[in-house]
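Take a walk through this structure, one region at a time.

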Amino acid sequence: MEDEEELKEVKLSGNGLHPHEVVDSGEKEFVDSLDQENVIATHSIKVDDVDGRVGLQGQSTVSAPTLMDEDQFEEVSLKDQDKSNEYQDSNQLPDFDNAHNLFGGNVEESKSSSGTYSIEHDSSPVVEMQRDNIPYSPGSDGQSSPTISFDSSTVNSPPKPKQKHAKPNVSPELLHLVDSAIMGKPEGVDKLKNIASGSEVFGTGEETENVAFLIVDSLLAAMGGVESFEEDEDNNPPSVMLNSRAAIVAGELIPCLPYVGDSGDFMSPRTRMVRGLLAILRACTRNRAMCSMAGLLGVLLRTAENIFTVDAGLNGRMRWDGTPLCHCMQYLAGHSLSVIDLHSWLQIITKTLDTMWAPRLMLALEKAASGKESRGPACTFEFDGESSGLLGPGESRWPFINGYAFSTWIYIESFADTLNTATVAAAIAAAAAAKSGKSSAMSAAAAASALAGEGTAHMPRLFSFLTGDNQGIEAYFHAQFLVVETASGRGKKSSLHFTYAFKPQCWYFIGLEHIGKQGILGKTESEVRLYVDGSLYESRPFEFPRISKPLAFCCIGTNPPPTMAGLQRRRRQCPLFAEMGPVYIFKEPIGSERMARLASRGGDIVPSFGNAAGLPWLATNAHVQSRAEESALLDSEIGGCIHLLYHPSLLSGRFCPDASPSGAAGMLRRPAEVLGQVHVATRMRPVDALWAMAYGGPLSLLPLTISNVHEDTLEPQPGKSPPSLATASLAAPIFRIISVAIQYPRNNEELSRSRGPEILSKILNYLLQILSSLDGRKHDGVEDEELVAAVVSVCQSPKINHTLKVQLFTTLLLDLQIWSLCSYGIQKKLLSSLADMVFTESSVMRDANAIQMLLDGCRRCYWTVSEINSLNTFSLTGAARPVGEINALVDELLVVIELLIVAASPSLASDDVRCLLGFMIECPQPNQVARVLHLFYRLVVQPNTSRAHTFAEAFLACGGLETLLVILQSEAKAGDGGLIGTSSKNPEIQKTEISVEIAEESQEEGAVEDNKSETTLKDDDQGSHSVDGGNGPNNGYSDNKR
C-alpha cells in the first residue's frame, strides 16, 4: 500500500512461472506486473500458451486484466463509475447494423511462433459458409491473426469474454425482419415463421435450411450468444443475456424450424435453437429471471404442445427429440412457476398420454419441484459479477468491542473470472510458492490469499468493511474456499483460509462470527467461526484487528471500486456473481444456537421488531402457530444485536432501506446504496403453485394416474390396457412430487384436511392391481421398485406433522394386503426398509400400532393353511404357493417386530408380550407360531441381561406358560392329523417343549443357550412343501433362513 514499495518482475511461460528478479519490499512482497515486451515500459508479460478463447470486437483487440500499479488507475466520479458499468437493459436490442463485425464462437487458440493465435470456428453450416466473410482487426504487429493486448488504461472490472458462435453475414433485410419481430410486431413474427418453415421464399431464394440457420444464429446473437451447444454445463460459463424478447421470438419459432437430419455431427435448425436457448437458461439465474418475467415458459408450453401432440399414434416413436425442450421448461419452472403455467403443463400431459412425452414432461416437472434453485429464498438480490453490490453507511463506533457476525443466504453462480485473470492469479500463487520454497497447492493458495490485496486476482467479496485508509475486515472467496482477511495499522495483514469447499449454483446459509475476547493484561483471545446451513463447521483462532478509525465503507457483495475516495489503489474491484437473500450484520456474536434458528427459519421472513411485531394469532394450524411464535421470539432476541438488515423485498430504485430495529423505527436512516446494477428476483416455487392450483394441493395430480372411473361412485376401476399403462407410468414421479410438496406447511395442511392418506391408499391399491393384471409376461407379481421407493418417500416426508406421518404409515406402508400383489423381491425389500426405519421412525411406527398390524397382515398374506380371511394373492396365476419364500418373508417381518420391541422402553414390554401371546393362541399357521416362539427365545436370552429379565418376567406375568400348555393340549388332541403334523413328524411339538424349557430356565434366571429351536426350524424347512389352499403338492421350495 505504501508508494515506496518496490515491485518484483515475473516472467510467465507455458511451462510454469519462474522468478526472474525479486526485490524485498518490507513486510510483504507481491506481484504488481508481468513481463510483456513493448507494452508497459517497466513491467511486461509474455504468454506462450493460453488455453482459452479470444474475442474481438470491431477494429480493437480485447483488453485483459493485468497486474497494475497505482498509476494505471484513472480517477473518475462514482456516478461515472456506475454509469460505465451498467449493462444493456433486458429489452434493449443490440446494434444489428454492426452485427457482421461481431466475432466469436467455439474457438481454439494454438500458439504460433510470433506469439499470435490461430482460430478455429464453430462447425455450424452457416459458419462454414460464411467463414471467409468474418472480418477481424489485424494485431499490433500488422499480422492478421488476433493478439492479446493488456491495456493499462482500463480501471473497471474487465468484462467476461463471451466467445459466442460466429455471427454470419446476414443480409440487412433479414436483420431488419428479426429486429421487428423482437420489437413485438406481429407481422414480423408471422413473416419470420413463414420464412423459417419454407412456406415463403426470402430474398434470392436461398435454401430454406440455410435461411433457417441464419435466423437461429441471429436470434442467439441477439440474446448474447452461446459458447457451446453441448449438454455439459462446464462448456458455458455463467454470463448474463442481453435481450429476453429475442428468447420469446425464438420460442415461438421453434415449431416452424426444420428438424430433419439431426446426428452426432450435425444439428438441425430446430435443435440448434433449442440447445442454444437451453445453454442461455442454464448460464445463470438472472437469465431465467428475465425470461420468466417475459413469459417464456408459457411460450415453450405452447410450443411443446404443438410438437409433441403430433407424435400421437406413432406407437412410442418420435419425429424429433424434444428432450432439450423439456429441459428448458424444467429450468424455467425450477426458477418460478405460475399457477397458469402449471395448469397448462398438466393439460399437455393429458393430451400426450399416448406418446412417450407424457412421462418425460412429468419427470421434468418433478425435477423442477425438487430442484436446488427452489430451496432458496423467494426474493433475492442479483449481483451480476461485473460492478454490482450494496454500499451501506459508515459507522463511527467501529470496530465493535465484542466482535461482529454476518449471515446471509447465497447462491454462487461462479467463482471464476476471465481466463486472463485466472492466469494472473495462478502467477501470483506460483510466485508466492516459489519465494516461500513450498510447492504444495494449499500453500500456494494461502500465499495468493495473503497477496490478494496487492495483486489483481479475482477473489469475489462476500463483504468488505473498510476504513478510509483501507483498514478493516473482508471476507472473499479464493476459488471455492472462504477467506477472512483483516488489515490494521502499519500495513499489517492477516488472512484465514477455511476448508469448506463451496459448490457453485447451490444454495447455502453462510454465517460468520468473529469473537473478540479481552483477556488478562489486555491480551485478546479471538476466534472466527464459520456456519454452513446453520451448523458450526469450523472454529479457528484469529486475531481481532486493532482499528482506530471509523468504518467508512460497508460493502456487501463487492469491495469498494478503485476510484472511490482513492481506495483500493493497487486492487481491482472484485464483485460477486451470485444470488443473495436477506443480509444480517450484527454488532456482536449471536452464538451457534441463534445462528441455527436463523438458518432454520429461512430467508422468506421479513423480521418485525418492537410494537410492529404483533402476535402470530392468524396461524391456521399448530405447526404454523409454533413456527410463528419461534420466529417472533428469535426477532426479540436478536433485535438488540442487529446493526444492519437489508431484505431484497424492500429494495426500491437505487436504495434498500435498513430493516433493523433502529432503521424500521425511523430513528436512523441508513439505507444501502446500489452499486452498478442490482436486480431483485421474485419467484413462485412449484410447490406453492401446486397449493394454489386446486383444492387438495398436490392431490390434484392424482387423477393423472387413473385411466377409468365408475360413472356413479367415481371409484377408480381398471380400463383398457394402453391407457392404463400410460397413466400408471406417471405414478412414481407424481408420488415423488407429493413427497416434496408436503414438506411445506400449506400443502401439508391440505393433505390432512382432504383425507390424503386414505386417497393415496386407494390409488396405490388401484395402481398395483392395474400393473399386476396388465403385465401378462410375468407371473410373480409387480416389480415396480420405483413406485415402492416413491411411496416410502411420501411416508417419510411430512416431518412437520407427526399425525399425518402416522396416518401415512398406517394406510400405506404397514398394510401388507396392498403389497401382497408385488413380487417376492419387492415385498422383501419393503420389509427390509421397514426394519431400517425402526431406528429413525420408531415413535411413528409405535403410534401406528405397527406390531399388531404386521402380525395381522402376516396371518392374512403369508399363510400356509387357508383361512376364511386369507388372501390368495401371492401367486397371481393361482399356482402353488412357495412355502420357502413365504417363510423368508415371515422371518423378515419378525425382524421388524423384534427391533420395535427392543427399541421400546421397558414399560411397554408387557403390552408387546401380550400382543405376541394373543397372536400365538389365535393363529393356526404352524410356520408363523414356530417363529414367534423362537422370537420369544431370542428376547429372553439376549446379551442385555436386564432387558432379558424384563421380558422373562413379562412372559410369565402375561400367562406365557399357560399359553404354551393350551397350544400343547390342542396339538395333542389333533394327533398326527393336526395342523403341525401335516408338515413333518411333529416338529412343532418339539418347539413347544423347548419353549416350556426356556420359560423354566428364565424362572430360574439361568438362561442357557439352547440350539434345539434352531434345529427344529431347519427340520421344519426341510419338511416344508408347496400348498395351494392348504392342499397343494410339494413344489420343491426350500426355506431361506436368516
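Start with strand E11 (residues 481–487), which pairs with E12 in the antiparallel sense over five bridges. Within this pairing, Ala 487 stands opposite Lys 493 in E12. The model is a predicted one.

Now widen the view to the sheet. Eight strands make up an open sheet, with antiparallel pairing, in the order E12-E11-E10-E9-E16-E7-E20-E19. Strand E12 (493–497) and strand E19 (655–656) are at the edges. Each has a single partner strand, so one side of each is left without a neighbour in the sheet.

On one side, E7 pairs with strand E20 (residues 672–675) in the antiparallel sense, over three bridges. Gly 389 is opposite Leu 675 in E20. E7 also pairs with strand E16 (residues 551–556), again antiparallel and over three bridges. There, Gly 392 is opposite Cys 554 in E16.

What about the faces of this strand? In a regular strand, side chains alternate between the two faces of the sheet. Both faces of E7 are covered. Gly 389 and Leu 391 are buried on one side, and Leu 390 and Gly 392 are buried on the other.

Step back to the whole chain. The protein chain has 35 helices and 21 strands. Of its 1042 residues, 54% are buried.

In soluble globular proteins, nonpolar side chains tend to be buried together. The largest nonpolar core here holds 171 residues, and Leu 325, Trp 345, Tyr 862 and Ile 897 touch the most other members. Helix H29 (residues 883–903) gives the largest share of this core, ten residues. A second, separate core has 47 residues, including Trp 398, Val 484, Leu 651 and Cys 656.

Which residues does Ile 897 touch, leaving out those up to four places away in sequence? They are Ile 851, Leu 854, Leu 855, Leu 916 and Leu 935.

Asn 887 is placed in helix H29. Is Asn 887 buried or exposed? Its relative accessibility is 1%, so Asn 887 counts as buried, the cut-off being under 20%. Asn 887 and Tyr 862 are 25 residues apart in sequence. In space, their C-alpha atoms are 7.6 Å apart.

Helix H3 (residues 172–182) is a further stop. Its buried residues are Leu 174, Leu 175, Leu 177, Val 178, Ser 180, Ala 181 and Ile 182. Just after H3, Gly 184 takes a positive phi of about 95 degrees.

Finish at the largest pocket. Its volume is about 1700 Å³. The lining of this pocket counts 48 residues. Which of them lie nearest its centre? They are Ser 600, Arg 601, Gly 602, Asp 604 and Arg 627.

Several elements contribute to the lining of the largest pocket. Helix H12 (357–370), strand E13 (507–518), helix H15 (591–601), helix H16 (622–638), helix H18 (686–693) and helix H21 (745–753) each supply at least two residues. The largest share, seven residues, comes from H16. By class, the lining has 23 nonpolar, 14 polar and eleven charged residues.

Notes. Residues numbered from 1 in each chain as written. Predicted model: local features only at pLDDT ≥ 70, side-chain atom pairs only at ≥ 80, totals over all residues. Heavy atoms only, no water. 1 Å grid on protein atoms, 1.4 Å probe; cavity = no way out; pocket = protein on both sides within 12 Å on 5 of 7 lines; lining within 4 Å. Points joined across faces, edges and corners; volume = space filled by probe spheres on them. Helix = DSSP H or I, 4+ residues; strand = E, 2+ residues; numbered from the N terminus. Nonpolar A, V, L, I, M, F, W, Y, C, P; charged D, E, K, R; others polar. Core = buried A, V, L, I, M, F, W, Y, C linked by side-chain atoms within 4.5 Å. Buried < 20%, exposed > 50% of the residue type's maximum accessible area, 1.4 Å probe, protein only. Contact = heavy atoms within 4.5 Å. Pairing = 2+ DSSP bridges.
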